[in-house]
Amino acid sequence: MVPVHCEPVTADTYEAVMALDVLPGQRDYVAPNVRSLADAWACPAAEPLALREGAELVGFALLKPAADVPGTVSLCRYMIDHRFQGRRLGHAGLTAVLDRARAAGYTRVRLSVVPGNHVAFRLYRTAGFGETGELEDGEIVLARDLTPDDAAMS
Ligand SMILES: CC(C)(COP(=O)(O)OP(=O)(O)OC[C@H]1O[C@@H](n2cnc3c(N)ncnc32)[C@H](O)[C@@H]1OP(=O)(O)O)[C@@H](O)C(=O)NCCC(=O)NCCS
């Protein structure tokens with residue numbers, strides 16, 4: 001697995017994070033990072049994360065504790081910049097984000113995917129996510145548990 005690290009977005013990195021972008025055809029799948037950083041500003045419990053491959057900033061994730069569901073965190077946003085897609089960095093970044101959520105004590109992760117976003121579905125299913133049967137704002141909700149044993153496998 002390609003090593004990708006995740007770290008909190010800081011005053012030093014937020015402008016570079018805002019500059020990360022997806023392909024034009026993917027813009028319905030994830031909010032622009034500037035919007036996600038604004039959402040994080042409005043929700044102090046949220047954790048905006050920069051994804052790095054070595055020194056290179058390659059993507060972004062936003063974790064937010066799920067309201068009223070103790071132990072569950074939502075992966076509200078997840079993206080790999082278009083220049084770095086298709087190199088398995090999506091897999092590696094997701095592993096890093098799940099490891100971080102597990103280390104923070106969360107036991108379950110939820111997220112939602114726009115129907116038709118086949119690449120994201122493939123990525124999340126491979127990472128052990130399954131459909132919960134719920135729809136949120138027209139998006140399909142997926143979830144998976146986080147157990148200490150997973151860490152050894154990821
Ligand atoms: C979804 C996303 C994060 C995946 O990142 P990535 O680095 O390109 O993905 P990876 O290279 O790790 O590949 C993940 C899987 O998708 C497949 N894949 C990647 N790009 C693909 C493409 N253009 N067409 C078809 N399959 C593709 C890979 O083969 C891999 O499948 P596998 O596990 O069966 O081998 C990235 O495409 C992205 O940022 N998309 C736009 C935003 C988005 O949709 N975010 C998710 C919101 S829920």
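Predicted model: local features only at pLDDT ≥ 70, side-chain atom pairs only at ≥ 80, totals over all residues.
Local features need pLDDT of at least 70, and side-chain atom pairs count only at pLDDT 80 or more, while totals for chains, interfaces and linings use all residues. Residues are numbered from 1 along each chain as its sequence is written.

**Sheet.** Seven strands form an open sheet with mixed pairing, in the order β1-β2-β3-β4-β5-β7-β6. Strands (E, at least two residues) and helices (H or I, at least four) are DSSP runs, numbered from the N terminus. Two strands pair if DSSP finds at least two bridges between them. β1 (5-8) and β6 (130-136) are the edge strands, each pairing on one side only. β1 and β2 (47-53) run antiparallel and are joined by four bridges. Glu7 stands opposite Ala50 in β2.

**Helices.** Two helices lie across strands of the sheet, in contact (heavy atoms within 4.5 Å). Angles run from 0 to 180 degrees between N-to-C directions of axes fitted to C-alpha atoms, for helices over the stretch in contact.

| Helix | Lies across | Angle |
|---|---|---|
| α2 (33-42) | β2, β3 (56-65), β4 (72-80) | about 40° to β3 |
| α4 (118-126) | β4, β5 (108-113), β6, β7 (139-145) | about 165° to β5 |

**Pocket.** A pocket is an open set of points on a 1 Å grid where a 1.4 Å probe fits, with protein on both sides within 12 Å along at least five of seven lines; lining residues have an atom within 4 Å of a point. The largest pocket has a volume of about 1,100 Å³. Of its 40 lining residues, Tyr29, Tyr78, Asn117, Ala120 and Tyr124 are the closest to the centre. β4, α3 (89-103), β5, α4 and β7 each give two or more residues to this lining.

Definitions and conventions. Heavy atoms only, no water. Points joined across faces, edges and corners; volume = space filled by probe spheres on them.
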